[in-house]
Structure formats: structure tokens, C-alpha cells
Amino acid sequence: VKRIKVNLENSAYDVLVGARMLREAGANLLKATRTPSSKCIVVTSPVVRKLWGKTLEDSFRKAGLNYSVIEVDDGERSKTFRNMEKVLGAFVQHRADRKSLVIALGGGVICDIAGFAASIFMRGIPVVQIPTTLLAQADAAIGGKTGVNLPGGKNLAGTFHQPKLVIVDTDVLSTLPDREYRAGIFEIIKCGAISDAKLFAYMTANAGDILKRDSSAVLHLVSEALKIKAKIVAEDERESDNRRLLNFGHTIGHALEAATSYRRYLHGEAVGLGMLAAVNIGTAIGITPISVAQKMFSTVNSYGPLPPVNVPDETVLSLLGSDKKTVNGSTHFVLLKDIGRPVITSDVPAAAVKYGMEVLRSAFRQSRSHQVSHG
Ligand SMILES: NC(=O)c1ccc[n+]([C@@H]2O[C@H](COP(=O)([O-])OP(=O)(O)OC[C@H]3O[C@@H](n4cnc5c(N)ncnc54)[C@H](O)[C@@H]3O)[C@@H](O)[C@H]2O)c1
Ligand SMILES: [Zn+2]
């Protein structure tokens, strides 16, 4: 078991990472929270419960924990206030009180809804995160951001609520659909790109093992990504400065997601495309060397395919809040001087954004004409 510490001033906690962690979850939870008499409320989805619920519940029974299970749907479109309200209602039904402990078992959507519900139920009760997608393990479950989407946009309502403990079992990734797995990979490429050239090089060199989900490769990836996120979060708990680096690939990525009503891309896929756009924006304004852009292309492409892009410039620019000639000064772009050397700038002309978008669209046209020419 690897133990990664998230060193926050008022709320340090551990992330336990390993294969088969779910079987030990009950015992580790007792050790970390020392509240054996309080009630545990597991929040999970029907899909995840069917696959992994029994393993978790067995470990809870073995540890003598008193628990109940609440189900709520996952997937981006389920990340709503209404579903969170259902979860709060179920807390009451299951007689949760101020001493109860919420356990989130699921992907980022479950982690975010359960964390949000825990943060406001009776003005806040503790939560333990047990993420089950690659994206949630490497990213969503740590850092304390919780929330739901509003009709007007993603994550518009939420809180900061740090977990008491995060348990990461890399074995649970074995059941993840291929597309979800690859979507998580792009967020980890991001971690390497903004702060760890070694991790980035590892991902470039070992795409075969990583795509096969070789267990030691997966363990390495997840723990390296977690170390990076833990470090950045500890330096900047509330996203005033450094934490913004985690948004590399997200400025264009979020615009692509919004432009397609969150239906075409998984979040990680949009980030993959957003990173490709970002390196081209960087080359257009002389921040990113062409060789760095090429590295990004070949690494991202080795975890492809990504869904095509045909979103027009005007849509992207208006989502970025810009007028036709300039991008609004409050839109921040994270760009790369080199792999592992990011810069944050709000000084990106609309022409550079258009160039970045054109590169994405032309990749789509090429792959389409390729398909056509092969009948
Ligand atoms: N709080 C944060 O800091 C933070 C960071 C990054 C992302 N997020 C949020 O995370 C969300 C995306 O998370 P996600 O990609 O995990 O989506 P998700 O939770 O919807 O899970 C994706 C799919 O995988 C399935 N699934 C989950 N675990 C599985 C397993 N082990 N085996 C098989 N199937 C499994 C789910 O049923 C779902 O259909 C977004 O809403 C995003 O905003 C939050
Ligand atoms: Zn992300």
C-alpha cells in the first residue's frame, strides 16, 4: 500500500493506493476515522454497486461497521441538484446524524454529489472517497471540490469539503469501459505535461502496457498523478493561483463540452483535445516550441481515437466570453513552454484560438477523407 499525504493546514488526510484496497476498506476506515459506533452511509450507483458493492460491504461487515447503502445514478447528466436532494432525503430516511460518515463509492459524479451532500447535511458531516474510475482516482476524489451542474453550466453549485480519507483500489479499474479508461488517461497526461516530464515520458513510452491495464503500470500512473495533484492542492487549497495549472487543456476542453451539450465528449476526451489545441495556441503566439507540440500530439494520439471536432470558431470564442478579435482578459490559458513547464496567460488573441481550433477540425477532416477513400 502506498500512502500519499495531502498536507492541508486544517485538514490533512491520507490517500491509500494499492491493488485490492477495497477488501481492506472497512479496516482502514476504522483506523483513519476512529468512529466505530457511528453510522456509515455508502453512496454509490447501481452500476458500480453491482460490480464492486459486495466487496466493499463484505469488508464493512468484517470490520463490524454499521452501514446502509444509497443508490443514485451516475453519468454527467445525473449530476444535478435534484439527485443531490434525493441523496439528502435518503440520509434522513436512513437516520444519519451529525456523527455519521458518508462513503462515496463511484466515479467523479458520485464523488462530487456525495461530497456535496455530506458538506451541507446538518451543516457538514465527514466524507470518505472511494473513487472507481481512472479519472476519479487520479483527480476528482482528492482536493475537496464538490458540486453539481446547473442548467446554466457545469459545476456551478458546490462547496469545498475535504475528505477524511481517500481509498484508491486500482483493481476496480478492470471493469471500466475502454472509452472511460482512456478518458482518464488524458487527465494523467495533463498532470505530466504541467509538472512532471518523467511521468509524461513514461506515458509516451509505455502506451502498450498502459492500454492493456497492466497492473503495475496502472498503479504507477495513478500514484504519480495523485502525488502531483496532492502537491498542487496542498500549495493552493482554494484555487487562487497554482491550482489553476490543473486547468491545462480545460479552457478549450470545457468549451467543446458545452458546445456539444455534454453529449459528444467524455470530460477526459475534451481535455485531450483541449491540450492539442493549447499546444497549437502556444506555438501560434511563440510560447510553445513546435517540438513540444509534436510530443503532445504523438502522446495523446497513442491513446486515441478521440471523437471528431466540428465546432465553429464563433461558438468557441463566444463560450470563452470573447469578442471577435480578442479573447476577454479574464479567460486564462495554461500553455506550455516545455513539457513540465507551464505558464498561465490571459493574453491570447482570438486568432490564436482559431488556429488551435482549425488544427483540431482539420484532423477530423483528414480522418474522414481517409475513411471515405477506403470505402
Ligand atoms: N471534484 C473535482 O476536483 C473533480 C475533478 C475532476 C473531475 N470531476 C468531475 O468528475 C466527473 C466525471 O467523473 P467520471 O468520469 O468518473 O464519470 P462518472 O462518475 O459518470 O463515471 C463514468 C461511468 O463509469 C461507470 N463506472 C464507474 N466506475 C466503474 C467501474 N469500476 N467499472 C465499470 N464502470 C464504472 C459509471 O457507472 C459511469 O457510467 C465530472 O462531473 C467532473 O466534473 C471533479
Ligand atoms: Zn478535468
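Twelve of the 13 residues of helix α4 are buried (under 20% relative accessible area, with exposed meaning over 50% and partly exposed in between, for a 1.4 Å probe and protein chains only), so α4 is largely enclosed by the rest of the structure. This is a predicted model, in which local features need pLDDT of at least 70 and side-chain atom pairs count only at pLDDT 80 or more, while totals for chains, interfaces and linings use all residues. Residues are numbered from 1 along each chain as its sequence is written, chains are lettered from A and ligands numbered from 1 in the order in which they are written, and side-chain values use heavy atoms, with hydrogens and water left out. Helices (H or I, at least four residues) and strands (E, at least two) are DSSP runs numbered from the N terminus.

- Helix α4 covers residues 108-120, and its 13 residues reach 18 Å from the first C-alpha to the last, close to the 18 Å expected at 1.5 Å a residue, where the expected span is 1.5 Å times one less than the number of residues.
- The buried residues of α4 are G108, V109, I110, C111, D112, I113, A114, G115, F116, A117, A118 and S119.
- Just after α4, M122 takes a positive phi of about 50 degrees, and R123, in the loop between α4 and β6, also has a positive phi, near 65 degrees, although R123 is a residue other than glycine.
- With a relative accessible area of 78%, R123 is exposed.

**Helix α2**

- The 17 residues of helix α2 (residues 46-62) should span 24 Å at 1.5 Å a residue, and the end C-alpha atoms of α2 are 23 Å apart, which agrees.
- A kink of about 65 degrees is centred on W52 in α2, the bend at a residue being the angle between axes fitted to the seven residues ending there and the seven starting there.
- V48, W52, G53, L56, E57, S59 and F60 are buried in α2, and the elements that cover the buried residues include α1 (25-33), β3 (40-44), β4 (67-71), β5 (101-106) and β6 (127-131).
- E57, which is found in α2, counts as buried at 16% relative accessibility.
- Leaving aside neighbours within four places in sequence, E57 is in contact (heavy atoms within 4.5 Å) with R49, Y67 and V69.
- E57 and A25 are 32 residues apart in sequence, and their C-alpha atoms are 9.1 Å apart in space.
- G64 follows α2 and has a positive phi, near 70 degrees.

**Zinc site**

- The zinc ion (ligand 2) is coordinated by E187 (OE), H250 (NE2) and H267 (NE2), at 1.9 to 2.2 Å; donors are N, O and S atoms within 2.8 Å of the metal (3.2 Å for Na, K and Ca), and water is not among the atoms, so sites may look incomplete.
- E187 in helix α6 (residues 178-195) and H267 in helix α11 (residues 267-284) are 80 residues apart, and this pair links distant parts of the chain.
- Both E187 and H267 are buried.
- The spacing of the zinc donor residues in sequence is E-x62-H-x16-H.

**Residue A278 in helix α11**

- A278 lies in helix α11 and, at 6% relative accessibility, counts as buried.
- Not counting residues up to four places away in sequence, A278 touches F248, V334 and L335.
- A278 and G356 are 78 residues apart in sequence, yet 6.7 Å apart in space, C-alpha to C-alpha.

**Cavities**

- The structure holds three cavities of 30 Å³ or more, a cavity being a set of points, on a 1 Å grid over the protein atoms alone, where a 1.4 Å probe fits but cannot get out, with lining residues having an atom within 4 Å of a point.
- The largest cavity has a volume of about 50 Å³, and the residues that line the largest cavity include C111, D112, Q129, H161 and P163.

**Loop features**

- G304 and P305 are joined by a cis peptide bond with omega of about 0 degrees, and P305 lies in the loop between α12 (290-301) and α13 (313-319).
- S261, in the loop between α10 (250-259) and α11, has a positive phi of about 50 degrees although S261 is not a glycine, and at 39% relative accessibility S261 counts as partly exposed.
- N206 is placed in the loop between α7 (197-205) and α8 (207-211), and at 22% relative accessibility N206 counts as partly exposed.

How values were computed:
On a 1 Å grid over the protein atoms alone, a cavity is a set of points where a 1.4 Å probe fits but cannot get out, and a pocket is an open set with protein on both sides within 12 Å along at least five of seven lines; lining residues have an atom within 4 Å of a point. Grid points are joined across faces, edges and corners, and a volume is the space filled by probe spheres set on the points.
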